[in-house]
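Please look over the chain shown below before reading on.

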Amino acid sequence: MKRNKIIIASVALSGFISLVLSLWYMSADKKVSLSIIHAKQVSFNTVDEIINFSQLVVTGKPLESENFVTFDERGFTVDAYTITQFKINKVLENKTTYDYKAGDIIKVAEPSYIYDNGIMPGKTKFSINNYRNMDKNHSYLLLLVPDFKYDDLYVISGVNEGKHNIDIPGNDGEKVGVPHGEKNYKFKEELMKKFNLK
C-alpha cells in the first residue's frame, strides 16, 4: 500500500514537472531576441542621387507581412527578409515598365527576418543595419528598385535611406541607432519638401 502511494506520488510529481517545463518552454519559445547585422550597403550623398538610383518612388501603407527565408542543400541561408504587401497611395516617380496607380499593391522586401532557434527556445530577429520594419499604423514614403532575382518584388534603396515614416515629422523614432541616422532624417525632410508631402 505504501509502495503504491510512493509510485502515485512519483507519477504525479513527474507529471507536474513535465507540465511546468512544457509551459516554460512554450512561453520561452514565443520570445524574440534582436540581432543587428552590420553590412555594407548602397549609400547616397544627396537626395538627387537616391531618386536617380530608384526606379519607383511611392507613398502608402504596409498591409500584411511574412517572413521569407530559404536555404540551400547544405542548410546555408540563401534569401532572408520580410516580404510586406504595400498599398500605394501616390506614385511620385515611376521608371519601371508597370503602370502603377493609387490602390495598387506591391511587394517590398524589408531587410530583416526571423529565424527559429530550433530546439533552443525562442526566435531571433535579424535586422540589417538596425532597420525597423514598417508599422501598419503609419504611412511611408519608399524609394525602391526591382529585386534582381524576383520580378514581382521591390527592394528599398539604401536600406534606411529609402524608407521614411511620413505621419510623424522629423525624428520618427524609426532610425534610432541606424548608420548615418542624422543624414537619413535630412533626406526625409528634403524628400518631403521635394514631393510636396508636408
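Leaving aside neighbours within four places in sequence, which residues is I106 in contact with? They are L56, V58, T84, Q85, F86, I88, Y100, L144 and Y154, where contact means heavy atoms within 4.5 Å. The model is predicted, and local features need pLDDT of at least 70 while side-chain atom pairs count only at pLDDT 80 or more, although totals for chains, interfaces and linings use all residues. Residues are numbered from 1 along each chain as its sequence is written, and side-chain values use heavy atoms, with hydrogens and water left out.

The chain contains 3 helices and 9 strands. These elements are DSSP runs numbered from the N terminus, with helices (H or I) of at least four residues and strands (E) of at least two. Along the sequence they follow the pattern α-β-α-β-β-β-β-β-β-β-β-α. Among contacts in the chain with a separation of 6 or more, 63% are between residues 24 or more positions apart. Of the 198 residues, 36% are buried; buried means under 20% relative accessible area, exposed means over 50%, and partly exposed lies in between (1.4 Å probe, protein chains only). The accessible surface of the chain is about 12,000 Å², with 58% of it belonging to carbon and sulfur atoms. Those areas come from the Shrake-Rupley method with a 1.4 Å probe, and for residues only the protein chains shown count as cover.

The interior comes next. In soluble globular proteins, nonpolar side chains tend to be buried together. Here the largest nonpolar core has 15 residues, and those with the most contacts inside it are L56, V58, F86, I106, V108, L142 and L144. A nonpolar core is a set of buried Ala, Val, Leu, Ile, Met, Phe, Trp, Tyr and Cys residues joined through side-chain atoms within 4.5 Å. At least two residues of this core come from each of β2 (56-71), β3 (77-94), β4 (105-110), β7 (140-146) and β8 (153-156). The strand that gives the most to the core is β7, with 3 residues. Apart from this core lies another, of 12 residues, among them F44, I50, L143 and L197.

Why is β7 largely enclosed by the rest of the structure? The reason is that 6 of its 7 residues are buried. Its pairings can be followed one by one, given that two strands pair if DSSP finds at least two bridges between them. β2 and β7 run antiparallel and are joined by 5 bridges, with L141 of β7 as the bridge partner of T59. β7 also pairs with β9 (residues 163-165) in the antiparallel sense over 3 bridges, and there L142 stands opposite K163. A further 3 bridges join β7 to β8, again antiparallel, with L144 opposite I156. A hairpin of 6 residues connects β7 to β8.

The pairings of β4 bring the account back to I106. β3 and β4 run antiparallel, joined by 6 bridges, and F86 stands opposite I106. On β4 and β8, by contrast, the pairing is parallel, over 3 bridges, with V108 opposite Y154.

β3, β4 and β8 each also supply at least two residues of the lining of the largest pocket. About 390 Å³ of space lies in this pocket. Of its 19 lining residues, the closest to the centre are P111, I128, V155, I156 and V159. Pockets are found on a 1 Å grid over the protein atoms alone: a pocket is an open set of points where a 1.4 Å probe fits, with protein on both sides within 12 Å along at least five of seven lines, and lining residues have an atom within 4 Å of a point. Grid points are joined across faces, edges and corners, and the volume is the space filled by probe spheres set on the points.

N129, in the loop between β6 (123-128) and β7, has a positive phi of about 50 degrees although it is not a glycine. N129 counts as buried, at 4% relative accessibility. N196, in the segment after α3, has a positive phi of about 55 degrees and is not a glycine either. N196 is exposed, with a relative accessible area of 62%. N184 lies within helix α3 (residues 181-194) and is buried, with a relative accessible area of 0%. The C-alpha atoms of N184 and K163 are 9.0 Å apart, and the two residues are separated by 21 residues along the chain.
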